[in-house]
Amino acid sequence: MSLEPVAYVRAAREPEEPPPMLSSGAIAWVRANLFSSIGSSLVTIGCVALAAYLLPQLVAWATTRAIWSASDGPACRQHQDGACWAFVAAKWDYLRFGSYPVAERWRVDVVEAIGAALIVWLLWMNAPRRAWGALLFFVVYPILAFILLRGSSLLGLPIVDTLLWGGIFVSLLTAVIGIVFSLPLGVLLALGRRSPLPAVRMASVVFIEFVRGAPFITILFMANNLLPLFLPEAWAPDRLLRPLAGIVIFSAAYMAEEVRGGLQSLNRGQYEAAMALGLNYPRMTALIILPQALTLVIPGIVNNFIGLFMDTTLVSVVGVTDFLEAMNNAIKDPVWAGPTIMTTGYVFAGIFYFAFCDGMARYSAHVERTLAKGRR
Amino acid sequence: MGDSSAGADRGDAAAIRFTNVHKWYGSFHVLRNINLTVGRGERIVVCGPSGSGKSTLIRCVNRLEDHQRGSIVVDGVELTDDIKRIDEVRREVGMVFQNFNLFPHLTVLENCTLAPIWVRKMPKRDAEELATRLLAQVKILDQANKYPGQLSGGQQQRAAIARALCMTPKIMLFDEPTSALDPEMVKEVLDTMTALAQEGMTMVVVTHEMGFARQVADRVVFIDRGEIVEVNAPLPFFDHPQHERTRLFLSQILH
């Protein structure tokens, strides 16, 4: 038994109307997101109150109550309720270069400036001729940087032993080398782990599982003490090179598992379509599989990069003076000793690490959004 | 049928020659003693119940699946484990899949030019010219710079056909090309395939579209439980099926 007439035929098109007032706009957003219920309103008010209580104190500590300039400790020792930025300013050169000879520090400046320019070129997605940027960054720049930092008697640049390298520039060097080498090595390991050749697969599995199963500090000590034992004395790797190898190996194992996740989430049809078109394995991998797999795991890869950047602070256990170690040394300087010095130093170090890691996270989010926009 | 003359070479009149082919998935005997010769320019429609082995059969032609016994000769090249021969065959055999399998990270145009550039070593400009011509032929030139995810199913499948044609293949394989499409998009894909058949392309098509089979096929091959049960020209195949299993199958799909 039908409750309405059985037949119906539309006579005219239903007109298009704008949405009701309260479903869009700023007020609607606030209502929907901040005050949607009593509980939600309480949480909103609580958070705002906490921020209103804490933020002004923190800002005052870091700005109005801080000591911005002083030549030594006493000024800071008298003002104990503010940061002592004068200390950071006084130690700035040491924090940047470690014990790198003062007369030669311009070389580090040049390497950093060129590196920054090339990285911007590479990361700017619409930049012209990125292939050239990549060639310069991955081939020309490492050679140039090595010659400049290490020195060359041929060019009349005094040799600076890596024992003297330190500070921010060593932290950045470690991070860049770790990132640049661990991703390709991780991709190779991930492909190796899925290889149909048992020998390749076993080698990859053993490497990945062994490295993942050991703490980073163990890997660092092993790289530091075992590498020289395995290699002839003339090839004994440099004191800085050993922890760099350690960080690349460690990060590559995690990267490999991240990339493997991306490879596994690809549809079999993609492989089949590539094979059916006659693409051989290297071309299929480079042109079809990796571009998709890597795009899928950008968040995980960047997560690894961020972890790697943090882990660079551990190279100090094998005697490398990275930025954090330089900060530790600076804090111990009796000229500046005082109650606010340690807080100031570590807050500054925290801001430094946060700035770089947050930059990486934001850039990756931007890349994801850009790629998503193009394809959907 | 039943043609087992060995000694296939480039001068072979056959485009594809299956001789006593067997295939197993583990211990499951999925293809049993397949003998089939596809002539150059011939259009074959393969049909059969799901799980009968019809997709496996055409996937053996470009070695997406390997066979364990018997021989498959494609365009004069016998398929073995030799990767060079497999590549040689794949260059000459285009394939269209049920789920399109377009590369989602590339535009439609890039999907089409990829293989000509990297496999045929064609200059980029020539490859784009070729792709433009073929995209116009399948009537989606206006979508050339979009990504596959922005296209309808029918458009994606036509793009996939254009992509395969860009390798100027001698043989085209279609693996249920309309099965994943919404009903209103089936016709545009079938029309494209019909036009291709009229140009004389050698085609092996796995499909349930019996109207297409009637109109386009030279022969219809019915496969059931891993074996070829009946082969005939479309008219006698549909109007006077001989084998009991063929009759049962046709009665089920034609209502």
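How many bridges join strand E1 (residues 14-25) of chain B to E2(B), and do they run parallel or antiparallel? In this predicted model, the count is 8 bridges, and the two strands run antiparallel. Strands here are DSSP runs of at least two residues (E), helices are runs of at least four (H or I), and both are numbered from the N terminus; two strands pair if DSSP finds at least two bridges between them. Within this pair, Trp24(B) sits opposite His29(B) of E2(B).

A word on conventions and confidence. Residues are numbered from 1 along each chain as its sequence is written, with chains lettered from A and ligands numbered from 1 in the order in which they are written. Local features need pLDDT of at least 70 and side-chain atom pairs count only at pLDDT 80 or more, while totals for chains, interfaces and linings use all residues; side-chain values use heavy atoms, leaving out hydrogens and water. The complex gets an ipTM of 0.91 and a pTM of 0.84 from the predictor. Chain B averages a pLDDT (the predictor's confidence in each residue, from 0 to 100) of 92, and 95% of the residues score at least 70. Residues 1-9 of chain B are another story, with pLDDT below 50 and 13 contacts beyond near neighbours in sequence, contact being heavy atoms within 4.5 Å. Where pLDDT is low, the predicted coordinates should not be read in detail.

Back to the sheet: E1 and E2 belong to an open, antiparallel arrangement of 4 strands in chain B, ordered E2-E1-E4-E5. E2 and strand E5 (77-78) of chain B stand at the edges with a single partner strand each, so one side of each has no neighbour in the sheet. Helix H1 (residues 54-61) of chain B packs on this sheet and touches E1, E2 and strand E4 (69-74), its direction making about 125 degrees with that of E1(B); axes are lines fitted to C-alpha atoms, for helices over the stretch in contact, and angles run from 0 to 180 degrees between N-to-C directions.

Asn33(B) is partly exposed at 42% relative accessible area (buried means under 20%, exposed over 50%, partly exposed in between, with a 1.4 Å probe and protein chains only). Lys139(B), likewise not a glycine, has a positive phi of about 65 degrees; this lysine lies in the loop between helix H4 (124-137) and helix H5 (153-165) of chain B.

Strand E8 (residues 202-206) of chain B is mostly covered, with 5 of its 5 residues buried. Thr202(B), Val204(B) and Val206(B) point one way, Met203(B) and Val205(B) the other. E8(B) pairs in the parallel sense with strand E3 (residues 43-47) over 4 bridges, and with strand E7 (residues 171-175), also parallel, over 5 bridges.
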